[in-house]
Amino acid sequence: MNLLRDNELIYGRLLAVEAPHLVERYNKALAAFGLTQTKLASFEIDRSGFSPQVAEELGDLNYLDPNQVNRRFVILTPAQAELPVVHTAFSNTSQLLYEFFSRNSRAIDALTIKDVIYGEIEDSVAMVEDIEDLLSISQVEFRVLSAEDVLGKAAELGRLVDRLKQEPDAWRDDAMLNQMVELAKVCGDIRENALVPDQVIFRHNAFWTSHFGGLYVFVDPDMTTVISDPAAPGFRRSRPWQVSYLSIHDADRVFHFLASTGRLELPRASWIEASDYLEHRAEMAILALIREAEPERDIANADKVWLQTWIHGHADMINRDGIFPFLNAAKREIRQLGQMRMEEVAPQHRFQVVRAKPNHPDAWLTSRLISDFVPADFVSRYVFNKQGFYTDYEKLSEPWRSFVVERLKTAYLNDKEALRRRLYGLTD
């Protein structure tokens, strides 16, 4: 993983924690969680406060996520709101944290001036043992604490201010007034600085989770749909009257679910031709075949002429695989008809020519699911399904690791928004 880290393809865009007082505050949060404090003088954190360096030091990648549910968080600065979440068991952890930062920005701004905020994103289960445990999570609550108890002191000061306003003789109570002065030294003027978060409860809607080998939950008004390996405990047994279960190995049923619920953008000339989507998929398919045939080959300097020569020399292999010929036929059909007759496309090929509907709330989650059916497209895997990408990457030879890293640097990292907008129609 060193090559990925050196090129900011893993643990990239994190926030450096170097100031001694911030390291000290972070350690107070670790101690409150019952964890060993870090001896590092500097480290990096993501939106949730997770640090890959601290995880390595503790020998525990899940030190902020011990049961992969009820995720812990550490907030040192409001700037964390703009960071990614680089390690989580739930795909919507990042969004929930972003909503928490957004809805409580004034309190977070004020609290982090003097204190560290920490706590857990609590839900209704302590352990995930079967699918029912996942389905029972309808909302989460941020249990918010602070190391110096600034939150508690602000609440106490608020009560004393109310008493001073409401009781005519309260101003004669010197002990109370002195207590207010001492509390104000810690909290400041609570009339101006909101120190208590305004919103701590948020909906827990559609998500992917790493539990049971990877499981998707999509929520519609009249039905919840679970997509996973049928071996997952509780599959087709938990709430069968209100939950539909689809095997992630059944491309036909998964495709029809996504299409019928309006989550897919079917192949139309209006977006296909402008995006070069099929050209991208075709290149990924050929690269996968080259990698399969010649896993140790270095193609870093391969040009279009070399690729075309390779294609001609491996026509039998390409035809047996079928994806590249299918994509060429798809381009011709869309050019002639403006669309494709999807009912005539084999289930295993359908995900090659569709993308998530960009304006659907589940667009990113749907894109992640599509990437599971097109694993050869390492660009899409990296954009939407980093856990899957990192697993795939570990299986590559060194020449191919270098090639993939270089391609992602040039095709994606240079302008992420442009690539997501062109290929997938997504805007941030």
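In what order do the four strands of the open sheet with mixed pairing stand? The order is β7-β8-β9-β10. Let me start there.

First, the ground rules. This is a predicted model, so local features need pLDDT of at least 70 and side-chain atom pairs count only at pLDDT 80 or more, while totals for chains, interfaces and linings use all residues. Residues are numbered from 1 along each chain as its sequence is written, and side-chain values use heavy atoms, with hydrogens and water left out.

Two terms next. Helices (H or I, at least four residues) and strands (E, at least two) are DSSP runs, numbered from the N terminus. Strands pair if DSSP finds at least two bridges between them.

β7 (207-209) and β10 (243-247) are at its edges. Each has a single partner strand, so one side of each has no neighbour in the sheet. Neighbouring strands are turned by 20° against each other on average, direction ignored. Axes here are lines fitted to C-alpha atoms, for helices over the stretch in contact, and angles run from 0 to 180 degrees between N-to-C directions.

Look at β10. It pairs with strand β9 (residues 223-228) in the parallel sense, over five bridges. T224 is opposite V243. T225 is opposite S244. Is β10 mostly buried or exposed? Four of its five residues are buried, so the rest of the structure largely encloses this strand. Buried means under 20% relative accessible area; exposed is over 50%, and partly exposed is in between (1.4 Å probe, protein chains only).

Helix α9 (residues 251-260) lies across β8 (215-220), β9 and β10. The helix runs at about 135° to β10. Contact, by the way, means heavy atoms within 4.5 Å.

Now the other sheet. Four strands form an open sheet in the order β3-β4-β5-β6, with antiparallel pairing. The twist averages 25° from one strand to the next. Four bridges join β3 to strand β4 (residues 117-122). There, F73 stands opposite G119.

On to the cores. A nonpolar core is a set of buried Ala, Val, Leu, Ile, Met, Phe, Trp, Tyr and Cys residues joined through side-chain atoms within 4.5 Å. The largest has 91 residues. Among those with the most contacts inside it are Y26, I227 and V353. Helix α11 (residues 277-293) gives the largest share, nine residues. Another core lies apart, with 35 residues, including F100 and V217.

Last, the rings. How many aromatic pairs does the structure hold? The count is 23. Rings of Phe, Tyr and Trp (its six-membered ring) pair if their centres lie within 6.5 Å; planes under 30 degrees apart are stacked, over 60 edge-to-face, and the rest tilted. Y382 and Y412 are edge-to-face, 5.9 Å centre to centre, with 75° between the planes. Y382 lies in helix α17 (residues 378-384) and Y412 in helix α19 (residues 398-413), so the pair ties together parts that are 30 residues apart in sequence. Both Y382 and Y412 are buried.

The charged end of K386 sits over the ring of Y382, 4.4 Å from its centre. R291 lies over the face of W400, at 5.4 Å from the ring centre. The rule: NZ of Lys or CZ of Arg within 6 Å of the ring centre and within 35 degrees of the ring normal.
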